[in-house]
Amino acid sequence: MNPHVLHNKEKSRHDLFLGEELIGLADYVDVDGELQITHTEVNPEHQGNGYAAILVREALADIEANNLGKVWPVCPYVVKYMQKHPETLHLLSRELN
């Protein structure tokens, strides 16, 4: 079963599904077009399988593809992901420290 990510605009987050089961999410707050990704989580029983990376990768891809705004990663996991994946840095609203 392949994981997939859907933008849940009503809840200001990206949801990660495995089949029809919601297994993770990435919350954001839109502050004048800057999407501040504040929190990511994967259900404990699904951790350690790379799902968090898939969630962040696909959330960032969706943000870019749909011109949802620039990104400011508040969540430490997203900061680390973007540092490890410099191809995502053009999405930043400002430089990482």
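Begin by selecting helix α2: what covers its buried residues includes β4, α1 (51-65) and β5 (70-73). Helices (H or I, at least four residues) and strands (E, at least two) are DSSP runs, numbered from the N terminus. Covering is a matter of contact, meaning heavy atoms within 4.5 Å. The model is predicted: local features need pLDDT of at least 70 and side-chain atom pairs count only at pLDDT 80 or more, whereas totals for chains, interfaces and linings use all residues. Residues are numbered from 1 along each chain as its sequence is written, and side-chain values use heavy atoms, with hydrogens and water left out.

**Helix α2**

Within α2 (residues 76-84), select V78, V79, Y81 and M82, the buried residues of the helix. Viewed down the axis of α2, these fall within an arc of 165°, so they line one face; the arc is that of the directions from the helix axis to the C-beta atoms. Buried means under 20% relative accessible area, exposed over 50%, and partly exposed in between (1.4 Å probe, protein chains only). Next select P76, K80 and K84, which are exposed on the other side of α2.

**The cores**

Now display the largest nonpolar core, where I37, L60, V71, V78 and M82 touch the most other members among its 13 residues. At least two residues of this core come from each of β4, α1 and α2. Such a core is a set of buried Ala, Val, Leu, Ile, Met, Phe, Trp, Tyr and Cys residues joined through side-chain atoms within 4.5 Å. Centre on M82: leaving aside residues up to four places away in sequence, M82 touches L60, V71, P73, T88, L89, L91 and L92.

**The paired strands**

Move to strands β2 (residues 13-18) and β3 (residues 21-31), which run antiparallel and are joined by six bridges. Two strands pair if DSSP finds at least two bridges between them. In this pair, H14 stands opposite A26 in β3. The hairpin of β2 and β3 has two residues between the strands, and G19 in the turn has a positive phi of about 65°.

Follow β3 onward to β4, its antiparallel partner through eight bridges. Here A26 stands opposite T40 in β4. The hairpin of β3 and β4 also has two residues between the strands, and D32 takes a positive phi near 55°.

**Individual residues**

Select T40 in strand β4 (residues 34-42). T40 is buried, at a relative accessible area of 16%. Beyond residues up to four places away in sequence, T40 touches L25, A26, V56, C75, Y77 and V78.

Then select R13 in strand β2, which is buried with a relative accessible area of 13%. Not counting residues up to four places away in sequence, R13 touches L6, H7, N8, L22, L25, A26, D27 and Y28. The C-alpha atoms of R13 and A59 are separated by 8.7 Å, although these residues are 46 apart along the chain.

Continue to H90, in the segment after α2. H90 counts as partly exposed, at 41% relative accessibility. Its contacts, not counting residues up to four places away in sequence, are E64 and K70.

Finish at W72: R94 lies over the face of its ring, at 4.2 Å from the ring centre. A charge sits over a ring if NZ of Lys or CZ of Arg is within 6 Å of the ring centre and within 35 degrees of the ring normal.
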